[in-house]
Amino acid sequence: MALEFRAFWEFGALLPAWPLLTRAPRGDGHSAMVFPGLSASDASTLPLRTYLQSLGYKAWGWEQGFNFGPRAGVLEQAKSQLTQTFETTGRKVSLIGWSLGGVYARELAKELPHMVRCVITLGTPFAGSHRSTNAWRIYELTSGRSIERETSNYDLKTAPPVPTTSIYSRTDGVVAWRASIQKAAEGHVQTENIEVLASHIGLGVNPSAWWAVADRLTQPEGSWKPFERSGKLTALKGLVFPQRAEAN
């Protein structure tokens, strides 16, 4: 948990990293909906959304205030926003979720896969025990719900039937990193895990996480390929995107 204080450094690292971040692939103008983490609001995802907008995406927040869990009407409102955007633009929408917000993104994509282009999660606990985070007590306090009963309502471990990327950190002080590892499933090869060097609180302002998000969003529909650590900026990628066998 003490390592979470790195978030301040991660935010400060954005400025010197900006020249490199602007070299990320440009977007094609499609929409991206970004979900905040537990007890956070759209203010927490503003830096990331601003960056994505600078690359040419139409990035917007979930517009439901603070995220205190899937209370009555929360997922329904998110579904309505996704449907409206899809029908208005005529294009699939990418869903990005930080921590608990990633659970929303994954579950929406399972329910409305024909409207979702891809799902990207940041430090989202979907694969482990419902108590594989240091925030489960906060969840129960703020949502007023039993986390054990809540998680039993969803098949969190199963990936949505769209390209799905889990960005995680082994030094995450809130979510156990193994809880963010998507296991390969038969018949669904468009899933991957990308390790970054980050704190949980800092994932949404971490330069390497931003690069990974931008790289994943730029993939053309129907032409998904796993994240590459070679090629452009190979030396940099080798430093900030560790590649270990147990991470796949």
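**View 1. Glycine G61 sits in strand β2 (residues 58-61).** Strands here are DSSP runs of E with at least two residues, and helices are runs of H or I with at least four, numbered from the N terminus. This is a predicted model, in which local features need pLDDT of at least 70, side-chain atom pairs count only at pLDDT 80 or more, and totals for chains, interfaces and linings use all residues. Residues are numbered from 1 along each chain as its sequence is written, and side-chain values use heavy atoms, with hydrogens and water left out. G61 has 3% relative accessibility, so it counts as buried (under 20% relative accessible area; exposed is over 50% and partly exposed lies in between, with a 1.4 Å probe and protein chains only). Leaving aside residues up to four places away in sequence, G61 touches M33, V34, D42 and R49; contact means heavy atoms within 4.5 Å. A32 is 29 residues from G61 along the chain, and their C-alpha atoms are 8.6 Å apart.

**View 2. Helix α3 (residues 42-54) packs on helix α8 (residues 207-217).** Their axes lie 11 Å apart at an angle of about 45°, which makes α3 oblique to α8. Axes are lines fitted to C-alpha atoms, for helices over the stretch in contact, and angles run from 0 to 180 degrees between N-to-C directions. Angles under 35 degrees are roughly parallel, over 145 roughly antiparallel, 65 to 115 roughly perpendicular, and the rest oblique. Look for P47, L48, Y51 and L52 of α3 meeting W210, V213, A214 and L217 of α8. By class, this contact has 8 nonpolar, no polar and no charged residues (Ala, Val, Leu, Ile, Met, Phe, Trp, Tyr, Cys and Pro count as nonpolar, Asp, Glu, Lys and Arg as charged, and the others, Gly among them, as polar). In α8, 11 of the 11 residues are buried, so this helix is largely enclosed by the rest of the structure.

**View 3. Helices α4 (residues 74-89) and α5 (residues 100-111) meet at an angle of about 60°.** Their axes are 11 Å apart. V74, L75, A78 and K79 of α4 make the contact with Y104, L108 and E111 of α5. These residues divide into 5 nonpolar, no polar and 2 charged.

**View 4. Strand β6 (residues 191-195) is largely enclosed by the rest of the structure, because 5 of its 5 residues are buried.** T191, N193 and E195 point one way, while E192 and I194 point the other way. Strand β5 (residues 164-168) pairs with β6 in the parallel sense over 5 bridges; pairing requires at least two DSSP bridges. T165 has E192 of β6 as its bridge partner.
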